[in-house]
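Hi,

Here is the structure I promised to pass on.

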Amino acid sequence: ARLYDAFSNSPIDKGSDVVYINVTKDGSWGKWASSTSSGYLTINFDPDCSYTIGEKKWKAVFAGDQYYFGNESENFTVYIYSELYGSVLQPNGEVFAEGETLQIIGKLQDECGTVNGSNVVFRVYPGDLSCSPEPANDLGNGNYSCSFATTGLLGWYDVSMNASKNYYNDSYVLKTNAFQVRRKPIFSNQQISPATEGWGYNFTLSVTVTDADIGDEVNVSLWKSYDGLSWTYVDSVLKTGCTGGCYVELHPQFSCSDYLNGPTVYFKFNASDTYGLKNETSAFSATLQKDDVSFYATEFPSVINREGEEAKRFMVRVYDSDREAWIDNSQEIVKGYFWFTKEGGESWDYGHYTTTNSSGYMYVDFDPNCSYAAGYQYWKVGILDNSCYADSNSTAAGFTVKGQLKSNLYLPE
């Protein structure tokens, strides 16, 4: 702008205290003071971050002094432009399973901070593949996002970010090797055999896992649940070279608490490969029962003298048939009874209570009284009303109760 004397039409030189240029700034005027030379008022307008981009108005102002009245020019237009700087924040070299949908997120800035309200388009290469939606969602914090489906893809992929906005120069950035797509492990034929048995039985849980990556190591883990919602780790195994399928077989040891918390117990297999790709089977189940037992007689008499107070010991050892081990009281102390006949097998007594010791032995010391007839009798042992073991009786075995004949002579006296 040039400052003139309105009457003489000659240029006027004034100092920066009275001449300046105003540029609109957020609804107000920003003052740029300068002095005139040969009447010309010149500034180097380099707006800082206090100025927003876009269309601005400016005018030259003479504030006036003791010699001249003040005046100002008409409003003129100036446009402030800036540069957009884009960056792809996510993905960042991760591996995704084929078929998975991933989120692409980019950040847009200028020299003053984040930029919202821009038109941002992400593309995936090779293939110039689009990302939904297009343009991307504006998250309101300088970030923009879209969803990209990896169905049918394999290998490494690049992501480009193209951004544009009025009064900005367009921005383009390409992130190479932004993500990789691989096939996750897959399962088939998961099962448990048998589906119903005692909790101590040697169950077989099996599945086939297939991994398309040659030489990839797969961790296959087994989990259990009593409600199908909360899962507990059971066991795991590592498998390598499963491109053609690897058979996995596990034999976890269950306890009575699994039966008491069930009796239906749910299972699932989980697989995780070296790339962090995971998969799992649907839940399948087994129904646990109380364990069955058998009895092994270790001590029993063949003859008991009824007279006197000499008791004879009957002792058995209790075997957990499902667990294939002697009872050890680790699950519970097992309650049982010994029964003896009174009339040669015609009637049994009410039983003699006993419990197992930590080696699985249970016994009673039996001293028959006169309610037990002399002669051949039977005995048996059983367990009853236990939490972990099914009610069971042994087969009856025989023994002899020997009485004492006593003679008295009445005649002659």
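To start with, in what order do the 3 strands of the open sheet come? The order is S20-S22-S25, and the pairing is antiparallel. Keep in mind that this is a predicted model. Strand S20 (186-193) and strand S25 (246-250) sit at the edges, each pairing on one side only. From one strand to the next, the twist averages 15 degrees. S20 and strand S22 (residues 204-210) are joined in the antiparallel sense by 6 bridges, and you can find Ile192 opposite Leu205 in S22. As background, strands of a sheet pair through backbone hydrogen bonds, either parallel or antiparallel.

Now for the cores. The largest nonpolar core has 45 residues, and Leu205, Val209 and Phe267 are among those with the most contacts inside it. Strand S26 (residues 264-273) gives the most to this core, with 4 residues. There is also a second, separate core of 24 residues, which includes Val120, Phe148, Val159 and Val181.

Is Cys242 buried or exposed? Its relative accessibility is 0%, so Cys242 counts as buried, the cut-off being under 20%. Beyond its neighbours within four places in sequence, Cys242 is in contact with Val209, Thr210 and Asp211. Cys242 and Pro185 are 57 residues apart in sequence, with 9.0 Å between their C-alpha atoms.

Cheers

Terms used: Residues are numbered from 1 along each chain as its sequence is written. This is a predicted model: local features need pLDDT of at least 70, side-chain atom pairs count only at pLDDT 80 or more; totals for chains, interfaces and linings use all residues. Side-chain values use heavy atoms; hydrogens and water are left out. A nonpolar core is a set of buried Ala, Val, Leu, Ile, Met, Phe, Trp, Tyr and Cys residues joined through side-chain atoms within 4.5 Å. Buried means under 20% relative accessible area, exposed over 50%, partly exposed in between (1.4 Å probe, protein chains only). Helices (H or I, at least four residues) and strands (E, at least two) are DSSP runs, numbered from the N terminus. Two strands pair if DSSP finds at least two bridges between them. Axes are lines fitted to C-alpha atoms, for helices over the stretch in contact, and angles run from 0 to 180 degrees between N-to-C directions. Contact means heavy atoms within 4.5 Å.
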